[in-house]
Amino acid sequence: MWRRAVCCVAVFAVLMRLRRGRRGAVAVRHAPAALRVVAGLARFAEYAKQQVYRPPWWLVGAIPQTVWAEVPPPRAGDAGVLSRLLPWHRGAPRAAGFDEEVLPMPAAAFPAGSPMQCCPNAVPEGVVRLNWYQTPGDGPAVVVCPGLTSSSESGYVRQLCAHLAARGYRPVVYQPRGVGGDVATPFLYSAGYTHDVRRALAHVRAQLPAGVKVYGLGTSLGGNYLTKYAGEEGGACLLDALCNLAGPVDCAASMRHFDESAYGKHLFNPLLAGSLQKVRRRAEGAFARASAAERRGVDMDAARRARTVRAFDAAATAKMMGCRDVDHYYDSASCMHVLHALRRPTLFLHAENDPIVPARLLPHDRIAESSYVISLVSPEGAHSMTWPTGPGAAPWAVAVVDEFFRTVGGHA
């Protein structure tokens with residue numbers, strides 16, 4: 001009986017490898033002018049065309065690939081028994097800790113007619129957090145902007161940081177208001193609010209020696225607002241290059257898919273809505289103490305009852321951002337409106353089988369308007385943000401991101 005079972009597993013593995021061999025090639029898209037405008041991009045495009053992503057044979061389908069990304073890497077000081085019991089601990093770089101910096105955000109005002117979208121006329125003071133990865137050396141910094149409610153404690157964020165550090169980078173995880181701590185004023189973050197990350201990037205620049213490269217890496221929701229920031233800044237962007245891993249570009253289209261797809265409706269929507277409730281609980285006291293004008297019409301009772309991301313955004317996020325309604329919020333938050341204004345090399349990396357932000361939703365016509373964007377689409381990888389390759393191995397996304405930064409950023 002056991003021989004038959006082993007044979008079945010072996011045949012299944014071979015079939016999965018053959019299937020991935022046929023479907024692993026990466027599609028590369030960019031504006032024709034991009035190869036002339038961005039130094040090094042032609043070389044990266046040739047590299048990208050040769051890439052093939054094949055997940056491990058046992059990660060079959062979108063859900064396992066997405067869930068695997070949450071498996072954290074081994075931490076420094078893990079006992080040897082873990083390396084024997086947990087196969088992903090063998091050969092993987094040990095994840096260091098983080099030094100947390102609490103960064104005050106002064107109140108800010110934006111006059112009528114301001115070009116910033118998805119931003120109210122006035123933003124109260126607050127705090128964000130920068131978690132500096134504990135790694136020696138003075139290599140290029142990578143500011144990591146995680147997805148919705150994710151933080152430096154998320155498995156995929158720790159994976160990215162550990163493997164980036166192993167390649168000589170210094171990761172810094174940006175955590176917006178409401179993530180990783182209590183909220184002092186009635187204002188949270190969103191898919192399109194960029195002023196806090198703008199100020200945080202200026203602070204990161206000021207802490208580093210002159211000449212050190214600073215790159216940006218946004219995952220999921222963080223990929224959208226990081227790209228939106230870069231487009232709003234144009235030539236004044238503080239990043240030398242940036243990557244958007246599995247992030248929305250058209251938030252309205254992504255949310256429609258999220259609401260209507262089976263995975264979104266029955267699995268990811270309830271999960272993420274539950275995570276938003278944790279953020280709401282941190283902010284509840286601040287909203288209770290605030291005046292009606294300071295609350296901006298936010299309905300905390302409706303937010304408390306929300307069982308979907310859209311319902312939460314309609315009750316709270318859209319009103320905080322000064323938007324007419326939730327549809328106006330999703331449209332104004334989308335980074336696709338500023339792609340034409342980008343002046344820094346930008347990599348989009350998405351998967352066709354992503355259950356949350358599938359690559360078919362990318363606005364390729366808008367991408368073609370930018371001479372600074374190159375888009376890579378793999379058949380598989382799902383919403384992992386890492387594109388896993390197996391226990392202990394560096395995620396495929398890290399290798400691609402590293403090649404992109406080295407090629408267009410020019411660091412050794």
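This is a guided tour of a predicted model, moving from the whole chain to its sheet and then to a pair of helices.

Of its 412 residues, 58% count as buried, and among contacts between residues at least 6 apart in sequence, 78% join residues at least 24 apart.

Next, select the strands of the open sheet, which has nine of them in the order β1-β11-β10-β9-β8-β6-β7-β5-β2, with mixed pairing. At its edges you will find β1 (27-30) and β2 (98-105), each of which pairs on one side only. If you follow the sheet from strand to strand, neighbouring strands are turned by 20 degrees against each other on average, when direction is ignored.

Now select strand β6, residues 141-145, where five of the five residues are buried, so the strand is largely enclosed by the rest of the structure. With side chains shown, Ala 141, Val 143 and Cys 145 point one way from β6, while Val 142 and Val 144 point the other way.

Strand β7 (residues 170-175) runs parallel to β6 and is joined to it by four bridges, and here Val 143 stands opposite Val 172 of β7. Strand β8 (residues 214-219) is also parallel to β6, with five bridges between them, and in β8 the residue that partners Val 144 is Leu 217.

From β7, step across to strand β5 (residues 126-133), which pairs with β7 in the antiparallel sense over four bridges; select Leu 130 and you will find its bridge partner, Tyr 174, in β7.

The helices that lie on this part of the sheet come next. Select helix α6 (residues 155-166), which together with β6 and β7 makes a right-handed β-α-β unit. Helix α6 lies across β2, β5, β6, β7 and β8, and it runs at about 155 degrees to β7.

Show the side chains in their contact, including Val 309, Arg 310 and Asp 313 of α13 and Tyr 329 and Tyr 330 of α14. By class, this contact of α13 with α14 has six nonpolar, one polar and three charged residues.

Conventions:
Residues are numbered from 1 along each chain as its sequence is written. This is a predicted model: local features need pLDDT of at least 70, side-chain atom pairs count only at pLDDT 80 or more; totals for chains, interfaces and linings use all residues. Side-chain values use heavy atoms; hydrogens and water are left out. Buried means under 20% relative accessible area, exposed over 50%, partly exposed in between (1.4 Å probe, protein chains only). Helices (H or I, at least four residues) and strands (E, at least two) are DSSP runs, numbered from the N terminus. Two strands pair if DSSP finds at least two bridges between them. A crossover is right-handed if, with the strands pointing away from the viewer, the path from the first strand over the helix to the second runs clockwise. Contact means heavy atoms within 4.5 Å. Ala, Val, Leu, Ile, Met, Phe, Trp, Tyr, Cys and Pro count as nonpolar, Asp, Glu, Lys and Arg as charged, and the others, Gly among them, as polar. Axes are lines fitted to C-alpha atoms, for helices over the stretch in contact, and angles run from 0 to 180 degrees between N-to-C directions.
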